[in-house]
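I opened my notebook to write down, entry by entry, what I looked up in this structure.

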Amino acid sequence: MTTIILEVDNRTVTTHFILLRFPTRPAFQLLLFSVFLATYLLTLLENLLIILAIHSDGQLHKPMYFFLSHLSFLEMWYVTVISPKMLVDFLSHDKSISFNGCMTQLYFFVTFVCTEYILLAVMAFDRYVAICNPLCYPVIMINQLCGTLAGGCWFCGLMTAMIKMVFIAQLHYCGTPQINHYFCDISPLLNVSCEDSSQAELVDFFLALMVIALPLCVVMASYAAILATILRIPSAQGRQKAFSTCASHLTVVILFYSTTLFTYARPKLMYAYNSNKVVSVLYTVIVPLLNPIIYCLRNRDVKAALRKTIHCRGSGPQGNGVFSS
C-alpha cells in the first residue's frame, strides 16, 4: 500500500507509516506466524489461569498474589497491543499502519511498559516488608494500601504515556516514513521525523529516568535489605524459605529490566539495525510468556492453586472437593 500524504498549510501530513517488520522469505513468514500465534495464545492462557487461580483460591488472597494478578492482567494486554497486528502483517503484503493506529499502539504500549516498571517495584517493596518486617506486614500491607499502590501504578503509566504522546504525535513526518521495526515504538518514530525532535527526546529521557531509574532504585534497595535480613537468619532452612518467597519476582525483574534497558539505554540510531528487533522480541513476546511459568515453577502455592483450578473447571461442579494438594 502506498503511503498517503496530504498537503496542509504547505506542509505534508502523513496519514500512514510503513512497518519494515522482519525482512524474510514468504515461507519463513508463515513459520514465524505459526510460532508467534502459538506464543501469543499460550501467554494469554497462562496469565488467565493465574488470574482465575488467585481469584478462586482463598489461600492466595494475599498482597503478593494481588499484585501478581495485576501483573498477569497487564501482560495479557501488553502482548495484545503488539501481537495481533504483527500476526496480520506476517500474512499480508500491506506493510502500512495508519497514523492514528500507530499512535494508539504506541500509547498503550508505553502505558503497559511504564506500569510494569512501577508494579515490579511495588512488588519488591511488598517482599521487603514481608521479609524484613514480618510482624508489621499485616498492619502495613492492608487492602486499602494495596489497592492504592496498584491504582497508582496504572495512573502513573497512563499519565507518562499521555505526556510522551503529546510531544511525539505533534512531530512532523514527511516523505515515505518507514519504521524499521515490527511495531510503533518511540525511538523508531523519532528516527523518521523530518523536524527537530530534541524536545520530544528530552521529555522522553526525563520521563524514562523517572519511570525506569526510580523503580529500579526501589527494587535494588528492597533486595539489598532483603539480602541483609536473609543472611542474618541462623539456619540454612530458614534462609532458603525466606529467599524462596521472592525468588520468582527477582527472576522476573531481572528478565524484564535487562531486556528493556538493553534496548532503551542505547542510542536511537541503533534502531537502524535489524538486530534490535530480535532484542525487542525478547521483552514483547518471550518475557510475557516466561513470567507465568517462572511463578508456577518457583511458587508451590501458585502451582497448587493452578492444579486445583484446572481440575475443578475440567471436572465440573462434581469435581469440587476431590482435588488434594
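This is a predicted model: local features need pLDDT of at least 70, side-chain atom pairs count only at pLDDT 80 or more; totals for chains, interfaces and linings use all residues.

**Entry on the largest cavity.** I looked up which element lines the largest cavity most, and found that α8 provides the largest share, with 4 residues. I noted that α2, α3 and α8 are the elements that each give two or more residues to this lining. The residues around the largest cavity are Met-64, Tyr-65, Leu-68, Met-123, Arg-127, Ser-244, Thr-245, Ser-248, His-249, Tyr-295 and Asn-299. The space inside the largest cavity comes to about 80 Å³, and the count of cavities of 30 Å³ or more is 3.

**Entry on the largest pocket.** I then turned to the largest pocket, which holds about 730 Å³ of space. Its lining has 22 residues, and those closest to its centre are Lys-241, Ser-244, Thr-245, Arg-300 and Asp-301. I wrote down that two or more lining residues come from each of α2, α3, α8 (236-264), α9 (275-298) and α10 (300-315). Here α8 gives the most, with 9 residues. When I went back to the cavity list, I found that Ser-244 and Thr-245 stand there too, among the residues that line the largest cavity.

**Entry on helix α3.** How many of the 34 residues of α3 are buried? I found 28 of them buried, so α3 is largely enclosed by the rest of the structure. I also checked its length: at 1.5 Å a residue, the 34 residues should span 50 Å, and the end C-alpha atoms are 49 Å apart, which agrees.

**Entry on helix α5.** I made the same check on α5 (residues 143-169), where 27 residues at 1.5 Å each should span 39 Å, and the end C-alpha atoms lie 38 Å apart, in agreement. The buried residues I listed in α5 are Cys-146, Ala-150, Cys-153, Trp-154, Gly-157, Thr-160, Ala-161, Lys-164, Met-165 and Ile-168. What covers these buried residues includes α2 (63-91), α3 (99-132), α6 (186-192) and α7 (198-231).

**Entry on Lys-164.** Once neighbours within four places in sequence are left aside, I found Lys-164 in contact with Val-110, Ile-186, Asp-204, Leu-207 and Ala-208.

**Entry on the UniProt record.** I looked up the unreviewed UniProt entry, which places the feature "transmembrane region" at residues 30-53, 65-86, 106-125, 137-163, 205-230, 242-265 and 277-297. I then checked two of these spans against the model. Residues 30-53 are 100% helix and 0% strand, with end C-alpha atoms 34 Å apart. Residues 106-125 are likewise 100% helix and 0% strand, and there the end C-alpha atoms are 29 Å apart.

**Entry on the whole protein.** Last, I noted the totals, beginning with a secondary structure of 10 helices and 5 strands. Of the 325 residues in the protein, 47% are buried. Among contacts with a separation of 6 or more, 77% are between residues 24 or more positions apart.

Note on methods. Residues are numbered from 1 along each chain as its sequence is written. Side-chain values use heavy atoms; hydrogens and water are left out. The expected span of a helix is 1.5 Å times one less than its number of residues. Buried means under 20% relative accessible area, exposed over 50%, partly exposed in between (1.4 Å probe, protein chains only). Contact means heavy atoms within 4.5 Å. UniProt positions are given in the numbering used here, feature names are shortened, and annotations may be inferred rather than shown by experiment. On a 1 Å grid over the protein atoms alone, a cavity is a set of points where a 1.4 Å probe fits but cannot get out, and a pocket is an open set with protein on both sides within 12 Å along at least five of seven lines; lining residues have an atom within 4 Å of a point. Grid points are joined across faces, edges and corners, and a volume is the space filled by probe spheres set on the points.
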